[in-house]
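The sequence and structure are shown first.

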Amino acid sequence: MKTSTFFLAVSIGLLFGCSKSSPDPKPDYYVSATIDGKAWMSNVTNSQNTLAAATLSQDLVVIAAGQEANNTNTVIAIAFPKSIPLNKPIAINSTQYSTVAYMLSSNEGYAIDASKGVTGTLTVTRLDETAGIVEGNFSGEGLHNQNGSRISIANGQFRSIIYKTNVTPP
């Protein structure tokens, strides 16, 4: 996956600029993870009133979800090929068109990418275009795109609707 795909995932993730917190700790559609030992759960709704959005673009599945906590907005974006084998852990690697990004802003964040010297796994357990649902899990080490620092991204899970329309911010 080229850098442009990474930024596609980030761009979709940034659609979550406004928020409406969800009181439910595990909603129907979400992205969650443990980032450097701290729980992260999507809590920002998009224009479709869900906490996670997935879309298909150029045979890639791109999932994005946002969190607002302590006056800070962050985004987790996940991208992988539509042809990914189900229930089989794969190594996250941009050269194989897969990545997980934890974005702190529109130009700063961490990415799991073996081609950058950090490793992680992604397992897609469901990719049902007819029902419009994608779900799975991920984990690994993220590398900061500016200063080279690293973070742990563990226990990642996602469940999202696959939207056939554009998702816009509220």
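## Thr-99: a buried strand residue

Thr-99 has a relative accessibility of 3% and therefore counts as buried, the limit for that class being under 20%. The residue belongs to strand β7. A polar atom of the Thr-99 side chain lies 3.4 Å from the backbone oxygen of Ile-112. These values, like those that follow, come from a predicted model.

## Ala-64 in strand β4

Ala-64 is placed in strand β4, which covers residues 60-69. Its relative accessible area is 0%, so Ala-64 is buried. The C-alpha atom of Ala-64 is separated by 9.5 Å from that of Phe-158, although the two residues are 94 residues apart along the chain.

## The second largest pocket

The second largest pocket holds about 200 Å³ of space. Its lining is made up of Ile-35, Asp-36, Lys-38, Ala-39, Trp-40, Gln-67, Tyr-102, Leu-104, Tyr-110 and Ile-151. By class, these residues comprise 7 nonpolar, 1 polar and 2 charged.

Two strands, β2 (38-41) and β7 (99-105), each contribute at least two residues to this lining. Strand β2 provides the largest share, with 3 residues.

Asp-36, one of the residues lining the second largest pocket, is located in the loop between β1 (30-35) and β2. Its phi is near 45°, a positive value in a residue other than glycine. With a relative accessible area of 47%, Asp-36 is partly exposed, because that class lies between the buried limit of 20% and the exposed limit of 50%.

Asn-155 also has a positive phi, near 55°, and is likewise a residue other than glycine. Asn-155 lies within strand β11, which spans residues 150-162. Its relative accessibility is 56%, so Asn-155 counts as exposed.

## Confidence of the model

How high is the mean pLDDT of the protein, and what share of its residues reach 70 or more? The mean is 85, and 82% of the residues reach 70 or more.

Over residues 1-24, pLDDT stays under 50. For this segment the model has 54 contacts beyond four places in sequence.

Conventions: Residues numbered from 1 in each chain as written. Predicted model: local features only at pLDDT ≥ 70, side-chain atom pairs only at ≥ 80, totals over all residues. Heavy atoms only, no water. 1 Å grid on protein atoms, 1.4 Å probe; cavity = no way out; pocket = protein on both sides within 12 Å on 5 of 7 lines; lining within 4 Å. Points joined across faces, edges and corners; volume = space filled by probe spheres on them. Helix = DSSP H or I, 4+ residues; strand = E, 2+ residues; numbered from the N terminus. Nonpolar A, V, L, I, M, F, W, Y, C, P; charged D, E, K, R; others polar. Buried < 20%, exposed > 50% of the residue type's maximum accessible area, 1.4 Å probe, protein only. Polar contact = N/O pair within 3.5 Å; in protein donor to acceptor, adjacent residues only side chain to side chain. pLDDT = per-residue confidence, 0-100. Contact = heavy atoms within 4.5 Å.
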